[in-house]
There are 2 protein chains.
Amino acid sequence: MPVHTVRTETAAVTPTATLTPQQLGVGARFSVAVMDSDYVRILLGALELADASGLEVSTDDVSTFVGGAESDVLRFLNQVIAGAAGSGVHVTANVLLSRGCPGEVTCELPPGVAVLPATEVAPLPRARILAAAHWSVYPLSDAPTADGAVPDHMRDIEAAVDLARSLGTYAGSTHYATRLVGDLADVLATIAGGWLLVGRTVGHVTTHATLSLNSPTAGAAKAVTR
Amino acid sequence: MPVHTVRTETAAVTPTATLTPQQLGVGARFSVAVMDSDYVRILLGALELADASGLEVSTDDVSTFVGGAESDVLRFLNQVIAGAAGSGVHVTANVLLSRGCPGEVTCELPPGVAVLPATEVAPLPRARILAAAHWSVYPLSDAPTADGAVPDHMRDIEAAVDLARSLGTYAGSTHYATRLVGDLADVLATIAGGWLLVGRTVGHVTTHATLSLNSPTAGAAKAVTR
C-alpha cells in the first residue's frame, strides 16, 4: 500500500446520553396467568388500567412485549400484575427483562457502545400484595470488558443475589433460581436492580422471573425465613 | 522449594460415562397455569398421571423442580402440559431447562468436566394439541473451549434457531425470543434440541420458554406462515 493512502481511522462513538431505549434494546416480555374462568375480563381490565406512557406495548397469543425506558417498563409491570392480583384470585406472572441486544439475530448496539449507561429504576409504589418469585439473571458476556475484567457469569449472578439480600427480598437459593418474597413492588425492584447491576459491566443481560400471588399455598411463602 | 518436593500433578478427570444427571446439573423448573376456576383439580390430575420414573420432583408455591436425565425430564413435561391442556381450557406453561451448573452459587462440575457429554432426547409421542411458544436460549460461556473456540453467545443462539427451522417449528423472530408453533411434543423437542445443541460446546446452558395452548386467540398461532 503506498504510504500516501495510509490514514488513521477511529471508530465512531455514539454519545450515550442521546441513545434511546430502542437503540439499547431495553424492554420486557411478560405474560400474566389468571387462575379463574373470568380470566379474560380480569386480565384485560388490568392491562387497560396500567399506565403505558412512553412505552411500546404489543400483545400476541403467548406474551406481551413492552419496549421503553427501564422505569416506565417496571411501573407498567407493577401495575398490570397488581391489577390482576387485585381480583383476589391466584395469579402467576412470567417476566423477561432484556438490555443490550436491540437486534434479533445479532446484537446491533450503536457504534462504540459496549456497555450500556448505568441507570436505576424509579421507586415503585408499594403494591400491598405479597409475591413469591423464582428469579434468574443471565450475563451474556463474550469477552473481557474495556477495563480488562474477565467474564465470570457466576460472579455477576452472585452480585445480583447479594443485592437481593441487601434489599430484604432474598428468601433462599434453589435449583436454577433465587427465591424472592415480599411486596410485589419490592420483588420487582429486586429483579430490575440485579439486572441493572450486572448491566454495569456486561453489555447484554437478561433476567427471568416467575411470580406467584394469592397462591392457595401462600402460607409457604409467608413462612420463609427472611 | 527443595527440588525433592517438586511433583507433577494432573487434574483428576472423571469418566463422563459414569456421571449422573445430578452431578451434571441436568433438570428443569416449570410452572403450568390453568385459566379456569377448577385449576387445582386439573393441574393436580395432570401431575398425578404423568410418568415421573427416574426423576426427582418437588413443587412449591411458585414452580416445580424436576431433576434427572434429559429424556425423562422432557417426557414428564410433555405429559403434564398435555394433561392440563387436555381439559380444553386455556393453559400456559413456563419451562426452564438447565445443564452444567449443579451448584447454586458456583457451578460445581466434577473434576475435568468442562462440557457435558453430548446427548439427545428420546422421541416424544405426539401430544395432538397445538402449542405456540416464545423461546430463548442462554449459552453461559466465560472462556474459550478446549479446542479454542471463542465464546460468541449470539452465534450459538443462531445455531439453535437454525435447528428450529430444520424441525419445522420456527414461526418467526421477535423481541428477545423465537416464536415456535407446532404439536406440543414438537415444540418441546425443539426447545430441548436447541439447548442440547448449544451444550455440545458450552458447559452451562439454560433455556426458557413460555408456551400457550387452547388460547382464545389461537387463530393467530394457526395463521402464522411456516
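A residue is called buried here when its relative accessible area is under 20%, exposed when that value is over 50%, and partly exposed in between, with a 1.4 Å probe and protein chains only. With that in mind, select Leu96(B), which at 5% relative accessibility counts as buried. The model is predicted, so that local features need pLDDT of at least 70 and side-chain atom pairs count only at pLDDT 80 or more, whereas totals for chains, interfaces and linings use all residues. Residues are numbered from 1 along each chain as its sequence is written, chains are lettered from A and ligands numbered from 1 in the order in which they are written, and side-chain values use heavy atoms, with hydrogens and water left out.

**First stop: Leu96(B)**

Leu96(B) belongs to strand 4 (residues 91–99) of chain B; helices (H or I, at least four residues) and strands (E, at least two) are DSSP runs numbered from the N terminus. Now display what surrounds Leu96(B), taking contact to mean heavy atoms within 4.5 Å. Leaving aside residues up to four places away in sequence, Leu96(B) touches Ser136(A), Tyr138(A) and Tyr176(A), as well as Gly27(B), Ala28(B), Arg29(B), Thr206(B), Thr207(B) and His208(B).

**Chain A as a whole**

Of the 226 residues in chain A, 51% are buried. Among the contacts in chain A with a separation of 6 or more, 77% are between residues 24 or more positions apart.

**Where the two chains meet**

Next, show both chains together: the contact takes 56 residues from chain A and 56 residues from chain B. Chain A and chain B bury about 4900 Å² between them, 56% of it on carbon and sulfur atoms, where buried area is the accessible area (1.4 Å probe) that two parts lose on being put together, summed over both. Select Asp61(A), Asp142(A) and Tyr176(A), which supply 16% of the area that chain A buries against chain B, more than any other three residues.

Between chain A and chain B there are 4 salt bridges, each a side-chain nitrogen of Lys or Arg within 4 Å of a carboxyl oxygen of Asp or Glu. One to display is that of Arg179(A) with Asp60(B), in which the closest N and O atoms are 3.3 Å apart. The side chain of Arg179(A) also makes a polar contact, at 3.1 Å, with the side chain of Asp61(B); a polar contact is a pair of N or O atoms within 3.5 Å, of which, within protein, one must be able to donate a hydrogen and the other to accept it, and residues adjacent in sequence count only if both atoms are side-chain atoms. Asp61(B) is in the loop between strand 2 (56–59) and strand 3 of chain B, and at 7% relative accessibility it counts as buried.

**Aromatic pairs across the chains**

Over all chains, the structure holds 5 aromatic pairs; rings of Phe, Tyr and Trp (its six-membered ring) pair if their centres lie within 6.5 Å, with planes under 30 degrees apart counted as stacked, over 60 as edge-to-face and the rest as tilted. Select Phe65(A) and Tyr176(B), whose ring centres are 5.9 Å apart and whose planes meet at 50°, so the pair is tilted. Because Phe65(A) lies in strand 3 (residues 64–67) of chain A and Tyr176(B) in the loop between strand 6 (170–174) and strand 7 (177–183) of chain B, this pair joins two chains. Phe65(A) and Tyr176(B) are both buried. Then move to Tyr176(A) and Phe65(B), an aromatic pair that is tilted, with 5.9 Å centre to centre and 50° between the planes; Tyr176(A) and Phe65(B) are both buried.

**Charges over rings in chain A**

Display Arg165(A) with Tyr170(A), where the charged end of the arginine sits over the ring, 4.5 Å from its centre. The criterion is that NZ of Lys or CZ of Arg is within 6 Å of the ring centre and within 35 degrees of the ring normal. The charged end of Arg99(A) likewise sits over the ring of Trp195(A), 5.9 Å from its centre.

**Last stop: two backbone angles**

Most residues other than glycine have a negative phi. Select Arg128(A), in the loop between strand 4 and strand 5 of chain A, where phi is positive at about 60° although the residue is not a glycine; Arg128(A) counts as exposed at 72% relative accessibility. Finish at Asn214(A), in the loop between strand 8 and helix 6 (218–223) of chain A, which has a positive phi of about 55° and is partly exposed, with a relative accessible area of 26%.
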